There are 2 protein chains.
Amino acid sequence: MIGNVSFPVEPWYLRECGLDPQLLARSESLFALSNGHVGLRANLDEGEPHALPGTYLNSVHELRPLPYAEAGYGYPESGQTVINVTNGKLIRLLVDDEPFDVRYGDLRSHERVLDFRAGVLRRTAEWVSPAGQAIRVSAVRLVSFVQRAMAAICYEVEPLDAPARLVVQSELVANEQMPPQSVDPRAAAVLEAPLQGEWNGSHGAYAELVHRTRHSGIRVATAMDHVIDPLPGLGVTAESDEDSCRITVTAVLDAGSTLRMVKFIAYGWSEQRSLPALRDQAAAALTAARQTGWEGLLAEQQAYLDDFWARADVEVDGDAEVQQAVRFALFHVLQAGARAERRSIPAKGLTGPGYDGHAFWDTEGYVLPVLTYTAPHAAADALRWRQTTLPMARERARTLGFSGAAFPWRTIHGEECSGYWPAGTAAFHINADIADAVVRYVRVTGDDDFERDVGLELLVDTARLWRSLGHHDLDGDFNIDGVTGPDEYSAVADNNVYTNLMAQQNLVEAANAVRRHPDKARELGVDAEETASWRDAAEDMYIPFDEKLGVHPQSEGFTRHQVWDFEHTRPDQYPMLLHFPYFDLYRKQVVKQADLVLAMQRRGEAFTEEQKARNFAYYEAMTVRDSSLSACCQAVMAAEVGHLGLAHDYLREAALTDLRDLQNRAVDGLHIASLAGSWIALVEGFGGLRDIGGTLSFTPRVPEGISRLAFVLSRQGRRLRVEVTDSTASYVLLRGDPTVIVHHGEQVRVSVEQPVCCAVPPPPSWPPPSQPHGRQPVRFRINQ
Amino acid sequence: MIGNVSFPVEPWYLRECGLDPQLLARSESLFALSNGHVGLRANLDEGEPHALPGTYLNSVHELRPLPYAEAGYGYPESGQTVINVTNGKLIRLLVDDEPFDVRYGDLRSHERVLDFRAGVLRRTAEWVSPAGQAIRVSAVRLVSFVQRAMAAICYEVEPLDAPARLVVQSELVANEQMPPQSVDPRAAAVLEAPLQGEWNGSHGAYAELVHRTRHSGIRVATAMDHVIDPLPGLGVTAESDEDSCRITVTAVLDAGSTLRMVKFIAYGWSEQRSLPALRDQAAAALTAARQTGWEGLLAEQQAYLDDFWARADVEVDGDAEVQQAVRFALFHVLQAGARAERRSIPAKGLTGPGYDGHAFWDTEGYVLPVLTYTAPHAAADALRWRQTTLPMARERARTLGFSGAAFPWRTIHGEECSGYWPAGTAAFHINADIADAVVRYVRVTGDDDFERDVGLELLVDTARLWRSLGHHDLDGDFNIDGVTGPDEYSAVADNNVYTNLMAQQNLVEAANAVRRHPDKARELGVDAEETASWRDAAEDMYIPFDEKLGVHPQSEGFTRHQVWDFEHTRPDQYPMLLHFPYFDLYRKQVVKQADLVLAMQRRGEAFTEEQKARNFAYYEAMTVRDSSLSACCQAVMAAEVGHLGLAHDYLREAALTDLRDLQNRAVDGLHIASLAGSWIALVEGFGGLRDIGGTLSFTPRVPEGISRLAFVLSRQGRRLRVEVTDSTASYVLLRGDPTVIVHHGEQVRVSVEQPVCCAVPPPPSWPPPSQPHGRQPVRFRINQ
């Protein structure tokens, strides 16, 4: 049993049949539960074996010094690292004095199921102890979307063949021993015992621990309570010390009878609230959950997800793996963002400590586009979080010598935590990505209050940054020099096309928003001279073009650089950042991830059809996809320029990044942005969704391997269902006023009463592009 | 007395009258003694008060980890830091049980004189103890140029008014307590107690200590012996422990009689030699020195310096400060290089721990041009040191993915120690600077053996580096992308003109040297294909030019960048690197130090006269001289394009950098390259020396404030004296065969029998250039 594992393809579940200790870390990430507020890695209930124990509370972090071999002005001195907080999911089991441990005895069966519609993780195991006692363990675990502080586990044990003495120890453990640190620079710094005990107590089946982080001063309260089905001779005892609490349940059961215990776990944390206040907060959450009861929590969870899937589901016929993957992806994207609520959405959500638990541009660039159409409240909250960090971003801009706000490249709390400025501070595009997310959210929801109270300030401060970052040259062109674009294998270059186009949009949209909210804008000190200077800068924005090659250089001078010698780069030399110096990567034509291609996706109206096709082919030949942020963008643009099979391959790469662990990095958390990318590849790629200006536009076209694609979008009170086959696209307005959409350039009116069905024209025909030697995506074979 | 200090201007001495505790650190650097092998800061004999105790042995360093907030491939993991070794210069004095300490009692007079011709530091002090006992202390200190392991001190005490009991404690002290570390990133890392005791012993007036560094494993032996003039009742005792040795001399002296002690100090160190071998080595050096005797050491020192000044002296009439400064400078340049002997010449020589004791391109770029004409054996040895580090440089090139050798940006032992690659590894020009020093040395000395055995290998390996670093583009141009030139306020740019021109020369000269030494070249694996590819690359080398502005951009795109807002940069915001982020400095037109201007100095034949004048004016307006490596280059090019007054100002800035502490950085050591720069400014600037091709060429012209300039040069067995006034230049061949030189473009034959005198034409007339707001050099006023 052990060592043998399979993941059958099913549309609404991720199922693990069997258990492989080598794959534990990945499964801990894949099956993680979260609501964006509390996150539990899928560690086994009994704690061991484990790869990486993990319980995360959004924004709970510790500080650590950022060292530099040679310091420089403006380098951040303090880093922030997500910490593994008190583990509340531990339930140890003794069977006749033998600990239930899958590494010993005989594991007859083991199955875990992540149910995307129910929002629970189910586990069943049949195990025979070394002494020959057979039992069945069933556990259902959830992190509530509705009661955000709560996790709960329904734990059942049944002796199968003979009476058994069972001892169940339900625990809270702080400062768990962690496995040794990875040497990969992208992994997290491990902090030893970050929690200092402040309180512990227990009574009945209730226990609580309060700790505080040493340097960041965040107080964390964890409490648990239990409901145990009555059984003859049941014993319950409770105990606690500084770093652990234990509720012990004992019973002797006949074969076929079941010990059933529901464990409720509540978390509360704050930088400010007192110890009694936090104890009360956790206790209150527990009380409410007990009142709701296990069945009640399940029902709330189901209802929450029914609503989500009605707004968000994507149906894919013909590629069952992608069907499963996109639902898995949407489920995890929702888990990352649903209840983040003015805290960040980290690159790995709350599924693991990768990237130190930091949020990057991934959130605004990849996750929010999906949430905006499917769970807009979560997108709004993520942007409200950015607004709360404006004081820090403004101070950072002052430190660097600029106006407005300079948002951090990576952070948990709001301060810049990047210790390598060429791929951190210099990547100013994050500010335009935030502005872009604001503009998209307002456009899609029509939420005017949000624009006035949240969006305007973000737009104004980012516009001010761009105005002070760029300059008009003697020809009048507006240049933004020395910045780093999305591609991290180039850095500190002039006039990055992505950055300039996104900054241009930022400047214009800020000026437009000021016009819509003149009073609020005055409060922010904006006058007509300032908005005019933004419009001038946008108008004069310089976009380099290589006339000789007929393509846009990613940044100025890029296309004159030497092309990387892909022929002599071995497969084991990827990802390249671990095998070549930045010095050499930066100076050659080699692209880690979509940059100019992303510019064409986001600002398509700035390129001609021919430019798109030529640019796509040019960059395709040098993009190595060492980042999980690339494949989905390549899928979208491949689809747009007519390379539908290639787009399908990239869709699959994005969708299967974590399920197949293509980046070999799922161990310390899922790539939430890449997961979001599977929706992007389907909806923006094969759906051809573009939302520029006032009208939704589609250029739907499915590849040979997908016979039908259907998705739902919400926009300005309407809900639209789009369904695409190889020959037709139908648009069904599920709710809301009639509207006009654009299908392959033609305006089409659609109302609840009148769905429309349009023919899909054949794709444009450009020569097939090639990829760097050895970096072709895996080809999808029909009926594979 | 205390707190009141003056430095009178004298042609052959640096004299300090009085003593200011606030200026101790600077004086410790200015009056430091060294022979390039052993260096002693001018700490007071009695040890305290001190600013920075310092005794340095060339290449004796300790390792320390180089930390990175975000690590990257190819980042050096281990740094090297010069350490303060066993202090042998300590002589404490008790006068009637009262320690001689200038902070107590009454210091009637205190004078220190650094004698550039005698090569000694003389100190005299008259002091009245708090108990009223008046004494005179005289000490003469030297570090021998002839016996390289040796320092010696002749120490005399005389009671002035009444008999006194004197106790003299002559000591060796290891692991001295050091003052707290500076936060300036350019300062050294302080290592606590870097020496581990291996041996100590004493007998008679002899004592010795042997230690070893913890991580670098360098064994250091220090021994002292004493000759004490006989006196009635003289007592001598010796003692030692792990970190100190003490020889105590006691006597009761009448007023007017003198206690005279000569202390000999010997150092020996090795990574390989055993403890007994090193003890013997130090003891042998001591024995030889005792045999020579104090007077003998003085005589050797004088003879060594007589020879040096005959080859190197520069006479300046009209500006007495510059006269003093250039001799001070030449003395310290000699001290830094004379006996370095296949070890490095650090940026601060052996005068302090600044820059961690590292050697940079300063050595080949600034120091060796002076030594090559004045003390060529020292230049040869410095290049032989580079040759010994070739295995490390080749390994570094392999790590980075290139052919040939990549010499370290900063090092003591040979490994790259730069922890910030954009201003370290990326500054590949150091390889061309080394090649340039080889070519100059061979041209000036005609040393064919050196070229074959040392130079060829350095030229070949650096040429190979350039060939692999650059690439031919589609137009056939050879580009060197993504490198950092001399100006550290720009980084990682394409086609830096200085780098490309120096690489071009490197490639051509390597090919030429291969032709002269075909057998040796074959041993190095060079064939005709390879040298042809070097010549092709040199031929096709791309040199950007801004046609609109009519100037060379320092690097591609530079002249399109925004010009720094100098108007709003406050005086307290210099040096800018401590007040602005690299991000912003790199992307704007602001120049820390001569870069394109240095290219015009080194490769003048690659520019037209008009380009030189226009380029000089263009860069003058944005060069802030936050580096001490800039003023001398600006002096040379200002003189060439006819701005003689400005050149004089820059000459003074270079010459007085440390004497006046213009960079506020003399505390942790002298700027050896800037000191060398005072010779460069005079000889290459007002002498107009250029040594390109086969013939020495001069364009002499003195500014109004200098009535006469005379200097001596040695070249290919000849010694030439050049004397310039406002109207004439005379060329006197002091020894060697007749030769042809060029005076202002005209060939002139000069022989020992026939000196020539030529008229000096008026300078070219270009509009006066301007400097950044507030960064004008201090103007020299005639008869100031």
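This is a predicted model: local features need pLDDT of at least 70, side-chain atom pairs count only at pLDDT 80 or more; totals for chains, interfaces and linings use all residues.
Let's start with how the chains sit together. If you rotate chain A by 180°, with 0.0 Å of shift along the rotation axis, it superposes on chain B with an RMSD of 0.0 Å. The two copies are therefore related as by a two-fold rotation axis. Which residue of chain A has its C-alpha nearest that axis? That is Tyr68(A), at 2.5 Å from the axis. Both copies also use the same surface, since 100% of the contact residues of chain A recur in chain B.

Now for the contact itself. How many residues of chain A are in contact with chain B?

In chain A, Pro575(A) is placed in the loop between strand S24 (562–563) and H12. The peptide bond that leads from Tyr574(A) into Pro575(A) is cis, with omega near -5°. Chain B has a cis bond too, from Tyr574(B) to Pro575(B), again with omega near -5°. There, Pro575(B) belongs to the loop between strand S24 (562–563) and helix H12 (582–586) of chain B. A word of background: most peptide bonds are trans, and most residues other than glycine have a negative phi.

Asn495(A) is not a glycine, yet its phi is positive, at about 50°. You will find Asn495(A) in the loop between strand S23 (478–479) and helix H9 (497–516) of chain A. Is Asn495(A) buried or exposed? With 27 other C-beta atoms within 10 Å, Asn495(A) is buried, because the cut-off for that is 20 or more.

Over in chain B, have a look at Glu341(B), another residue that is not a glycine and has a positive phi, this one about 45°. Glu341(B) is in the loop between helix H3 (320–337) and helix H4 (362–374) of chain B. Glu341(B) has 17 other C-beta atoms within 10 Å, so it counts as partly exposed.

In chain A, three strands form an open sheet in the order S3-S4-S5, with antiparallel pairing. Strand S3 (33–34) and strand S5 (55–57) are the edge strands, and each pairs on one side only. Strand S4, residues 38–40, is joined to S5(A) by three bridges, and these two strands run antiparallel. One residue pair to find on screen is Gly39(A) with its bridge partner in S5(A), Tyr56(A).

At the S9 end, strand S8 (residues 91–95) pairs with S9(B) in the antiparallel sense over two bridges. If you want to see a bridge pair there, look for Val95(B), whose partner in S9(B) is Glu98(B).

Note on methods. Residues are numbered from 1 along each chain as its sequence is written. Chains are lettered from A and ligands numbered from 1 in the order in which they are written. Two strands pair if DSSP finds at least two bridges between them. Helices (H or I, at least four residues) and strands (E, at least two) are DSSP runs, numbered from the N terminus. Copies are superposed by least squares on the C-alpha atoms of residues with pLDDT of at least 70 in both. Two residues are in contact if their C-beta atoms, placed from the backbone, lie within 7 Å. A residue is buried if 20 or more other C-beta atoms lie within 10 Å of its own, exposed if 12 or fewer, and partly exposed in between; C-beta atoms are placed from the backbone.
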